[in-house]
Amino acid sequence: MIPLKWGKRRETYLTEREQWLKELMDSGQTWQGRRKFLQMAALAAGAAAVKEFVPHSFQLVEVVQAAEPAAAAERPFTFAYISDSHLYEKTLNERFVRQLIRAVNDINALDPQPDFVLYGGDLAQLGQPGELNLGAEILKEIKAPVKMMVGEHDWFLDMGDLWKAKFGPPYYSFDHKGIHFVTLMSVNEKDFWTSKGLTPMQRMQIVSGLDDGRQSAFEVGEEEREWLARDLAKVPKTTPLVVFSHSPLYKLYRNWNFWTDDAEEIQALLRPFKTVTVIHGHTHQVLTNRIGNIHFHGMLSTAWPWPYAPQGLPKLTVQMNRPDPFNQTEGMGDGTITVNPSGHVDKEYLMWNRNPLKVSEKYLDSNGNLDRPAKTTLPGY
Ligand SMILES: [Fe+2]
Ligand SMILES: [Fe+2]
């Protein structure tokens, strides 16, 4: 039962949040409204003190093309992730906006704060200015630095022009506490539109249909692979790598583009390194794989959960229960990733309607024999 005092605070918080959301959706937001929202979010998170909020605009990703070997190891540390929000134009869908705000609240309430937040791609549904602008407005409320990754839903209307203008280069690397991080643009497609005379929106809609057979397979592509080879050539093989990609960097299920066509070539570039972790979006589900020295983890979506593919599911995956179709936020959430002293990670899925689920380094290292994640305790549908 909610104590009376908290009940009152919660009621005020919800009223304030509702007002902030309304202002956001009306394009009439004010800094005063946003400040109140953040103050109430901090109150809800049980923060002891509410800090003064300083308005700021979305910062482009700070890109440091790593020229020097990574610094000495300072581990463990944690970063957080949010992914696959699929925002529509404001007039069409408010629910996905609320869900992204919920993830932002979750991350802002973490104590201690993560070193940074990775946004895993598919911020927009159809790459439209109204969608990407709305997403940027919400993400700028995150207290920790934000690193952006692109998804196919952000890209194929204008081939990334607006996304790049707002968020920076689609692929880059940086060093942090002894880890070499790489963010890839893994959802390039070979041109299937010119010969058919398709409009930009027709192209976008075909790509956004997960099982639309008219599109090409996702790929990193030759130019970016060459950049990756040059980037990794500067990094000692003993330095742990963490690679972010939107699509899984292995071949799971082609019909849904749970797939990267040049995955083997990317894996070959990663294989010489002692410790490699790949964190990917796109699949909207708990997904775990290991290929040799490379550990793979799928991220949750804040918009909806995809079902598991009918073929190709990696054996290490501990499946989420089937989501309840009557529960609007079932099977969704955000999460944290702890980078261990080894450079591999423990990944925690913060599912909004179930117990958190932790997939540890030990579980992957032992090929599933040790530290198997406990099944979520709420019943599946
Ligand atoms: Fe997605
Ligand atoms: Fe995607």
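**Exercise 1. Which residue stands opposite I294 in β9?**

Solution. This is a predicted model, in which local features need pLDDT of at least 70 and side-chain atom pairs count only at pLDDT 80 or more, while totals for chains, interfaces and linings use all residues. Residues are numbered from 1 along each chain as its sequence is written, and chains are lettered from A and ligands numbered from 1 in the order in which they are written.

Step two is to look at the pairing of β8 and β9, which is antiparallel and has four bridges. Step three gives the residue: I291 is the one that stands opposite I294 in β9. The hairpin of these two strands has two residues between them, and there G292 takes a positive phi near 60°.

**Exercise 2. Place the strands in their sheet, and explain what sets β4 and β8 apart.**

Solution. Begin with the protein as a whole, whose secondary structure comes to ten helices and twelve strands. Six strands form an open sheet with mixed pairing, and their order is β4-β5-β6-β7-β9-β8. Because β4 (172-176) and β8 (288-291) stand at the edges with a single partner strand each, one side of each is left without a neighbour in the sheet. From one strand to the next the twist averages 20°, where axes are lines fitted to C-alpha atoms (for helices over the stretch in contact) and angles run from 0 to 180 degrees between N-to-C directions.

Now follow the pairs across the sheet. Strand β4 is joined to β5 (residues 179-183) by five bridges, and the two run antiparallel; the bridge partner of F174 in β5 is F181. Next, β5 and β6 run parallel and are joined by four bridges, with V243 in β6 as the bridge partner of V182. The pairing of β6 with β7 is parallel as well, over five bridges, and V243 stands opposite V278 in β7. Finally, β7 (residues 276-280) pairs with β9 in the parallel sense over five bridges, where T277 stands opposite H295.

**Exercise 3. Decide whether strands β6 and β9 are enclosed, and on which faces they are covered.**

Solution. First state the criterion: a residue is buried if 20 or more other C-beta atoms lie within 10 Å of its own, exposed if 12 or fewer, and partly exposed in between, with C-beta atoms placed from the backbone. In β6 (residues 241-245), five of the five residues are buried, so this strand is largely enclosed by the rest of the structure.

**Exercise 4. Describe the two sides of helix α9 and what its buried residues pack against.**

Solution. In α9, the buried residues include A263, I266 and L270. They cover an arc of only 65° around the axis, which puts them on the same side of α9; the arc is that of the directions from the helix axis to the C-beta atoms. On the other side of α9, E264 and A268 are exposed. The buried residues of α9 pack against α8 (222-233), β6, β7 and β9, with contact taken as C-beta atoms, placed from the backbone, lying within 7 Å.

**Exercise 5. Which residues have the most contacts inside the largest nonpolar core?**

Solution. A nonpolar core is a set of buried Ala, Val, Leu, Ile, Met, Phe, Trp, Tyr and Cys residues joined through C-beta atoms within 7 Å. The largest one has 82 residues, and those with the most contacts inside it are Y81, L100, V117, Y119 and V243. Helix α3 (residues 95-108) gives this core its largest share, seven residues. Not counting residues up to four places away in sequence, Y119 touches I82, S83, L139, V146, M148 and M149.

Key: Pairing = 2+ DSSP bridges.
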